[in-house]
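Subject: Structure handover

Hello,

Here is the structure I said I would pass on. My notes on it follow below; please read them with the model open.

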Amino acid sequence: MTLDAQGTNATNRAGLNGQAPRCDHINQLSAVEYGPPECKDCLAHGRTWARLLVCLTCGWVACSDDARGGHAKAHYRETDHPVVAALDPGSTWRWCYVHRRTV
Ligand SMILES: [Zn+2]
Ligand SMILES: [Zn+2]
Ligand SMILES: [Zn+2]
C-alpha cells in the first residue's frame with residue numbers, strides 16, 4: 001500500500017535528505033475553533049510568553065518553548081495532541097511534536 005499519492009504536496013518541503021518520515025498527523029486534523037490568544041498557564045503564574053501556539057487538535061492556545069513556560073509542549077505531553085501552529089495571523093508555521101519538525 002502506498003500513501004505517496006496523498007498528502008506529500010503540502011508536507012515534503014522540509015525534506016531532510018529524504019529521510020524524514022512523512023507526518024500523517026496533519027491528515028488527522030479537522031477544523032477547530034481556537035481559544036483566546038493567551039497562555040492560561042502563564043497567566044496563572046504571572047508570567048509572560050514569547051510566542052503563542054495553538055493545538056490543531058483541540059484549539060488549546062499555549063506558549064511556545066522559546067520562553068520558560070513551554071506550555072504548548074506540556075499540553076502535548078498531557079494529551080498526545082501532536083501538531084501545533086503559530087497563532088500569528090498569516091503564519092503557516094506548523095510543528096509536529098511527534099516528528100519533531102515543521103509540517
Ligand atoms: Zn507528525
Ligand atoms: Zn505558558
Ligand atoms: Zn490539544
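H75 is buried, with a relative accessibility of 10% (buried means under 20% relative accessible area, exposed over 50%, and partly exposed in between, with a 1.4 Å probe and protein chains only).

For comparison, the ideal angle for four tetrahedral donors is 109.5 degrees.

Before the rest, a note on the conventions. This is a predicted model, in which local features need pLDDT of at least 70 and side-chain atom pairs count only at pLDDT 80 or more, while totals for chains, interfaces and linings use all residues. Residues are numbered from 1 along each chain as its sequence is written, chains are lettered from A and ligands numbered from 1 in the order in which they are written, and side-chain values use heavy atoms, with hydrogens and water left out.

The chain has three helices and five strands, in the order α-α-β-β-α-β-β-β from the N terminus. Both are DSSP runs numbered from the N terminus: helices are H or I with at least four residues, strands E with at least two. Of the 103 residues, 30% count as buried.

How many salt bridges does the structure hold? There are three, a salt bridge being a side-chain nitrogen of Lys or Arg within 4 Å of a carboxyl oxygen of Asp or Glu.

- D66 pairs with R51, their closest N and O atoms being 2.9 Å apart. D66 lies in the loop between β2 (61–63) and α3 (71–79) and R51 in the loop between α2 (40–44) and β1 (52–55), so the pair ties together parts 15 residues apart in sequence. R51 is partly exposed, at 25% relative accessibility.
- D65 pairs with K73 at 3.2 Å between the closest N and O atoms. D65 is partly exposed at 41%, and K73 is partly exposed at 30%.
- R22 and D24 meet at 3.2 Å, N to O. D24 is partly exposed, at 32%.

Regards
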